[in-house]
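Visitor: I would like a close look at a single part of this protein. Please walk me through it step by step.

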Amino acid sequence: QVQLVESGGGLVQAGGSLGLSCAASGSRFSINFMGWYRQAPGKQRDLVASITSGGNTNYADSVKGRFTISRDNAKNTVYLQMNSLKPEDTAVYYCNVEFSGVYYRKTYWGQGTQVTVSS
């Protein structure tokens, strides 16, 4: 049974930093895509950052230069370091992991973790 366990998040003042992590387990397939999405109340879930197995990264324009995504392939874990946080970064953050094989591809979501940035 695949599990994605998120940790981190919480409450921080504007300008502060937080780190998130998401550990994936339970699949015999390799992980290609790992990403972080966020969803604010009343809004759609949007991609924040992503990283491929080869280390290629992609960021939403709103977080470029402030957030850094990384991964530890040996631990099947993805991280999101968030610096210079703004109130508009407040949202529930979800990790997203894609397991893939020759004839297999399936995506899983973490349970979500709240990030609140106070002004």
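Which residues touch the most other members in the largest nonpolar core? Please take strand E9 from there.

Guide: This is a predicted model. Start with the core. The largest nonpolar core has 29 residues, and Trp36, Leu80, Met82 and Tyr93 touch the most other members. Strands E3 (18–25), E4 (30–39), E5 (46–51), E7 (67–72), E8 (77–82), E9 and E11 (113–118) each supply at least two of its residues. The most comes from E9, which gives five. As a general point, nonpolar side chains in soluble globular proteins tend to be buried together.

Now to E9 itself. This strand covers residues 91–101. Cys95 is joined to Cys22 by a disulfide, with an S to S distance of 2.1 Å. Cys22 sits in strand E3 and Cys95 in strand E9, so the bond ties together parts that are 73 residues apart in sequence. A search of the whole structure finds one disulfide. The torsion about the S-S bond of Cys22 and Cys95 is about 40 degrees, so this disulfide is right-handed. Cys22 counts as buried because its relative accessibility is 0%. Cys95 also counts as buried, at 0% relative accessibility.

Move along to Glu98, which is in strand E9 as well. Its relative accessibility is 13%, so Glu98 counts as buried; the cut-off is under 20%. Leave aside its neighbours within four places in sequence. Glu98 is then in contact with Ser30, Ile31, Asn32, Phe33, Arg105, Lys106 and Thr107. The C-alpha atoms of Glu98 and Phe33 are separated by 5.1 Å, although the two residues are 65 residues apart along the chain.

Next comes Ser100, also found in E9. Ser100 has a relative accessible area of 15%, so this residue is buried too. Not counting residues up to four places away in sequence, Ser100 touches Phe29, Ser30, Asn32 and Arg105. Compare the two contact lists.

Finally, a look at the largest pocket. Its volume is about 210 Å³. Of the 14 residues that line this pocket, Arg38, Ala40, Lys43, Glu88 and Thr90 are the closest to its centre. The lining divides into three nonpolar, four polar and seven charged residues.

Terms used. Residues numbered from 1 in each chain as written. Predicted model: local features only at pLDDT ≥ 70, side-chain atom pairs only at ≥ 80, totals over all residues. Heavy atoms only, no water. 1 Å grid on protein atoms, 1.4 Å probe; cavity = no way out; pocket = protein on both sides within 12 Å on 5 of 7 lines; lining within 4 Å. Points joined across faces, edges and corners; volume = space filled by probe spheres on them. Nonpolar A, V, L, I, M, F, W, Y, C, P; charged D, E, K, R; others polar. Helix = DSSP H or I, 4+ residues; strand = E, 2+ residues; numbered from the N terminus. Buried < 20%, exposed > 50% of the residue type's maximum accessible area, 1.4 Å probe, protein only. Contact = heavy atoms within 4.5 Å. Core = buried A, V, L, I, M, F, W, Y, C linked by side-chain atoms within 4.5 Å. Disulfide = S-S within 2.5 Å.
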